[in-house]
Amino acid sequence: MSQPEYTTAQATALTNHDRKPIHIPGSIQPHGVLIALSTQLEILQVSNNTQVYLGKAPEDLLGQPLSYLLDPQQVEIVKQCLVKKIGSANAFKVLIRTLYGEIYFDAIAHRTEEAVILELEPTDSEFEVSFLNFHSLASEAIAKMQRTSNLGECLHLVAEEVQKIIGFDRVMVYQFDESEAGSVVAEVKREDLSPYLGLHYPATDIPAQARELYTRCFLRFLPDLTAEPVKLVPTENPTTHQHLDLSYCLLRSFDWCCTEYHQNMGVKALLVISLIQEQKLWGLISCHHQTPKYISYEVRKMCEFLGQIVSSELAHKISYSEWDYKVKLKSLQSEFLESISQADNFIDALIKPEIRLLDLVSASGAAVCLDNEITLVGTTPNLDEVRALIEWADTQVSDNLFSTDSLPKLYQEALIFKDTASGLLLLRISKVRRYYILWFRPEVIQTVHWAGNPQKSMQAQADGSLTLSVRKSFEQWQETVRLTSLPWKPCELDSAIALNNAIVGIVLSKADELAKINLELERSNQELASFAYAASHDLKEPLRGIYNFSTVLLEDYAQVLDDEGIECLQTVVTLSVRMETLINALLRLSQLGQAQLRLQATDLNELLNQVIDVFRASRQDSGLVDIRIPRPLPTVLCDQVLVNEVFSNLLGNAFKYNDKAEQWVEIGYLDEGLGTRDWGLRKSFHNPIPNHQSPITNPHYPLSPEGAPPSPIFYIRDNGIGIPEHHLKIIFRLFKRLHSQEKYGGGAGAGLAIVKKIVELHNGQIWVESNVGIGSMFYFTLQ
């Protein structure tokens with residue numbers, strides 16, 4: 001098992017522990033003062049250490065207005081909390097005159113449902129950290145994070161930068177999994193400390209209530225875990241007669257479990273920063289120090305800010321790592337579905353070539369069941385075992401799509417064939433007939449390294465009940481996980497659903513009718529191209545005459561025309577220029593329809609350099625142009641002149657439709673179909689950089705008969721204005737502009753139609769993904 005399988009008694013023990021009201025401890029940490037106020041800013045409760053910091057006993061403060069301590073301007077800042085949302089804080093510096101002299105405090109005020117809470121922490125500085133100082137401390141860390149696209153590298157950089165700022169002995173990044181257990185995925189530590197990197201921790205180590213607080217309050221600081229907490233006076237709020245909610249309080253005291261847990265690890269000071277992804281707790285930046293250590297409020301706020309930056313970067317880094325794999329699956333889907341639609345035999349289309357059906361969801365085996373006919377592909381259980389599995393699925397699985405990475409735990413008979421089918425992905429194509437596709441994955445025996453035995457967190461009592469206790473050992477403890485395959489990813493499940501949708505559509509249509517329609521369309525397209533060429537060519541001569549005669553009238557007879565006549569002639573000239581532009585675009589498109597490709601091996605790096613040189617020469621602001629090429633482009637077989645036009649059009653559009661102050665375009669490619677077994681070919685053909693791992697590979701994709709690799713997927717990505725989703729399907733249409741002629745430099749609206757035509761002449765495809773206000777990404781292939 002990957003974690004203890006809790007019995008009802010264990011679950012009860014966890015539930016009872018999670019119900020502990022850690023947000024209302026009735027006490028605070030002793031390094032500051034807490035004052036609870038009514039909505040009229042009358043002091044209702046104080047921490048029992050006001051004499052130490054303010055020189056005033058609690059009874060001297062209770063019932064007093066806040067103005068008894070602060071000046072009117074500072075009282076007004078606290079009063080502003082009344083109109084803010086719960087948890088939103090105001091921070092400011094205050095000077096309080098005490099029996100011990102004038103003392104500066106960091107003051108942090110926020111409101112709860114029943115009170116306004118003011119926290120005071122003594123500080124040596126009377127000045128707040130300026131934005132410039134704050135920026136200088138944080139900007140380098142942020143820049144380093146944003147320069148790397150690898151999630152692991154980014155998290156390690158985060159740990160390094162946080163340690164530089166706070167100087168703690170150990171800084172870790174801790175990530176939660178689906179079961180709320182966690183593991184250390186990045187660590188920076190003092191050399192003499194034992195490493196925690198790679199160790200796993202059970203969900204019980206951070207109770208649900210603590211995790212919930214981390215989603216509300218993004219930073220938790222405990223400077224001295226040995227310090228005695230300070231009680232509130234009175235214990236209950238005199239207005240509500242309940243304990244004060246300290247969820248958002250920086251000084252909130254810590255639970256004894258937290259104290260004992262970290263002291264067992266040798267920790268005396270703790271700083272924890274929440275990492276939030278899609279409004280859920282993704283992980284924590286956990287910082288440990290072997291001795292008590294205080295950090296100023298400003299430094300803590302900077303750490304919290306860095307945590308928020310990391311949280312925002314998480315979506316980008318995670319999606320970037322998953323994005324390449326999704327593109328691969330989509331490309332494979334397209335090829336696979338095309339082969340199915342063109343095949344005479346449905347079964348043959350699914351299993352030949354076999355590799356496609358398996359690669360569609362990265363499976364090692366599959367079974368295609370059409371009523372009583374079952375076809376096996378790859379490594380699978382035998383035919384009788386698959387029949388029995390389908391019988392079980394008929395009664396136990398109600399959804400059209402079902403997946404598990406531990407089939408033997410659900411279907412005991414699967415223990416016999418766990419080596420081939422510990423993981424199952426089942427797609428029900430029809431509810432009327434028994435039409436299934438089943439994919440299989442083998443058992444993957446894993447060794448999980450835990451920080452101590454996770455089962456030691458549950459202790460049996462004399463009466464037989466179980467209670468949650470604090471673990472005392474964090475020495476590495478190994479657990480062997482069996483009867484489990486690699487988990488199915490969401491994008492793989494989406495790929496299976498897409499296959500189902502396509503199959504339904506294909507089955508309902510007739511292949512011969514589609515073939516006839518395609519033949520008629522091809523003939524019509526050829527005739528239309530010939531007509532467009534002839535029409536556009538012949539229209540240019542009379543149009544040129546209209547333009548010339550109108551210009552002559554304006555130049556030689558303007559004095560005999562009134563203003564209205566001149567304006568009409570000017571309109572004729574403008575419209576004739578516009579019409580010539582449209583005709584030229586139509587002529588160019590029709591020429592492409594008649595063109596014969598001049599294919600030759602082309603170094604796209606040289607071609608792209610020519611495009612960029614021409615582009616920069618045509619722009620006065622070329623110094624502001626940021627064109628990024630992450631790695632050298634490959635050599636491909638193509639028509640140099642036409643592909644030059646493709647890059648020129650897409651690059652020009654990327655900067656033309658961009659309203660950002662800092663514009664950039666990235667040009668690159670994704671490997672399609674070239675696997676690690678073809679590394680020799682990879683180095684010589686695709687990638688001159690040794691040991692580079694391309695973002696998308698498929699080790700099973702067969703080479704073409706000539707031995708040439710399949711075409712990569714090229715992309716041009718920008719940070720421009722983006723394209724609304726409902727326009728994505730029409731932007732490649734001829735003369736389709738999304739903006740008026742006055743905006744973004746005008747144009748005929750033919751550029752993308754020409755690009756699409758050139759790509760299709762190369763037997764390629766072009767498509768786009770876009771987010772309005774964020775940017776667009778055009779993909780194309782040259783097969």
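1. Strands β27 (residues 713-718) and β29 (residues 775-781) run antiparallel and are joined by five bridges. Strands here are DSSP E runs of at least two residues and helices are H or I runs of at least four, numbered from the N terminus; two strands pair if DSSP finds at least two bridges between them. Within this pairing, Ile713 lies opposite Thr781 of β29.

2. The model is predicted, with local features requiring pLDDT of at least 70 and side-chain atom pairs pLDDT 80 or more, while totals for chains, interfaces and linings use all residues. Residues are numbered from 1 along each chain as its sequence is written, and side-chain values use heavy atoms, leaving out hydrogens and water.

3. The open sheet consists of five strands in the order β24-β26-β27-β29-β28, with mixed pairing. Its edge strands, β24 (626-628) and β28 (766-771), each pair on one side only.

4. Elsewhere, Glu121 belongs to strand β6 (residues 116-122). Glu121 is buried, at 0% relative accessible area; buried means under 20%, exposed over 50% and partly exposed in between, with a 1.4 Å probe and protein chains only.
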